[in-house]
Amino acid sequence: MSSTELPSAPPASVLPKAVSVRVAEGERLRSVGLPGVTLKIRSRPPAREGLEPALYVHGLGGSSQNWSALMALLDGVVDSEAVDLPGFGDSPPPDDGDYSVTAHARAVIRYLDASARGPVHLLGNSLGGAVSTRVAAVRPDLVRTLTLVSPALPELRIQRTAVPTGLLGVPGVAALFSRFTREWTAEQRVRGVTALCYGDPGRVAPESFQHAVEEMERRLRLPYFWDAMTRSARGLVNAYTLGGQHGLWRQAERVLAPTLLVYGGRDQLVGFRMAQRSARAFRDSRLLTLPDAGHVAMMEYPETVATAFRELLAETRAPDAGTGAGPAAERAGSVDAGS
């Protein structure tokens, strides 16, 4: 093994028992075994029978907990479930150690096929946005609508603030960073993450911050923490370089589902300038721009995102929905929403 490479994570069967992950009031967490992966699924009991299903997919370094606030606001609107991608949240690593965007998309597809919940309203953030785009492109039968919050789609000019995250995918960098930050407390790490991901870190409530510190402490005890981060970052960078039919922008153009795009004006990881390109790429898109939001608008402004999602559902359920009201560029509406 090279001294600059992280070791592969041990098989899930021999992983140590970690501290229990937090489950908020009104939520449930269950384990689902699938070929090659075991996924933890966070859900809320549906408010009533007959609600259409929704599935939420988190970003790099995140977990299903990133969607808790939005899920609670959508009680009575959809039957909500959020997935912990393999190696994140409470899900163990995949058996084959594959953390590519395609592998994450395959895990989501396997879950939807096994649960027979499709078609679902699919929501993704950051890496989860790239994963959800791929799912919607290759399995349109599984996706009723698509909502992407700061999706990690390829950019020619990466923001300087996003470079360190991308460098995690370079062999040896994660190991060096791990050694360099060995003395950092979980609180210091969480402050760094919130400063990077939030447009205004001051919006994080003290209770939420403390929960995030406890979750960081739990994750740092996991032997595969850095392996999952490194390989997923590398998988995302690799996906950026794919061309042809497998390129993420080409797949965005193939998405048939009505799509809501949410971009933050203070996003340090996904360029705000990509909003208009996304609106043109997705053929049936609506664009919500939040000037004061950062990378995780569904956590910063959950009420605003919930309202936009309800409007998407109302529009797509209208009698004349899906009849094709002109070119995608004309249908893509842009709404600026402040704080």
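The questions and answers below set values computed for this structure against the definitions behind the terms.

Q: What kind of model is this, and which residues count for local features?
A: The model is predicted, and local features need pLDDT of at least 70, side-chain atom pairs count only at pLDDT 80 or more, while totals for chains, interfaces and linings use all residues. Residues are numbered from 1 along each chain as its sequence is written, and side-chain values use heavy atoms, with hydrogens and water left out.

Q: Why is the contact between Arg144 and Glu52 called a salt bridge?
A: A salt bridge requires a side-chain nitrogen of Lys or Arg within 4 Å of a carboxyl oxygen of Asp or Glu, and the side chains of Arg144 and Glu52 meet at 3.7 Å, N to O, so the pair qualifies. Arg144 lies in strand S6 (residues 143-149) and Glu52 in the loop between strands S2 (37-43) and S3 (53-57), so the bridge ties together parts that are 92 residues apart in sequence. Strands here are DSSP runs of E with at least two residues, helices are runs of H or I with at least four, and both are numbered from the N terminus.

Q: What makes Arg144 partly exposed?
A: Buried means under 20% relative accessible area, exposed means over 50%, and partly exposed is in between, with a 1.4 Å probe and protein chains only. Arg144 has 32% relative accessibility, and therefore counts as partly exposed.

Q: Which salt bridge joins Glu52 to Arg317, and what does the pair tie together?
A: The side chains of Glu52 and Arg317 meet at 2.8 Å, N to O. Glu52 lies in the loop between S2 and S3 and Arg317 in the loop between helices H12 (302-316) and H13 (328-331), so the pair ties together parts that are 265 residues apart in sequence. Arg317 is partly exposed, with a relative accessible area of 45%.

Q: How do you know that Glu215 and Arg219 are buried or exposed?
A: Glu215, at 9% relative accessibility, counts as buried, and Arg219 is also buried, with a relative accessible area of 10%. Their side chains meet in a salt bridge of 2.8 Å, N to O, and both residues lie in helix H7 (residues 206-220), four residues apart, about one turn of the helix. Salt bridges that share partners join Lys40, Asp90, Glu215, Arg218 and Arg219 into one network.

Q: What makes the pair of Phe225 and Trp226 an aromatic pair, and of which kind?
A: The rings lie 5.0 Å centre to centre with 80° between the planes, and the pair is edge-to-face. Phe225 counts as buried at 14% relative accessibility, as does Trp226 at 17%.

Q: How do you know that Thr145 is buried or exposed, and which side chain does a polar contact join to it?
A: Thr145 has 1% relative accessibility and therefore counts as buried. A polar contact, meaning a pair of N or O atoms within 3.5 Å, where within protein one must be able to donate a hydrogen and the other to accept it, and residues adjacent in sequence count only if both atoms are side-chain atoms, joins the side chains of Thr145 and His121 at 2.7 Å.

Note on methods: Phe/Tyr/Trp six-rings, centres within 6.5 Å; stacked < 30°, edge-to-face > 60°.
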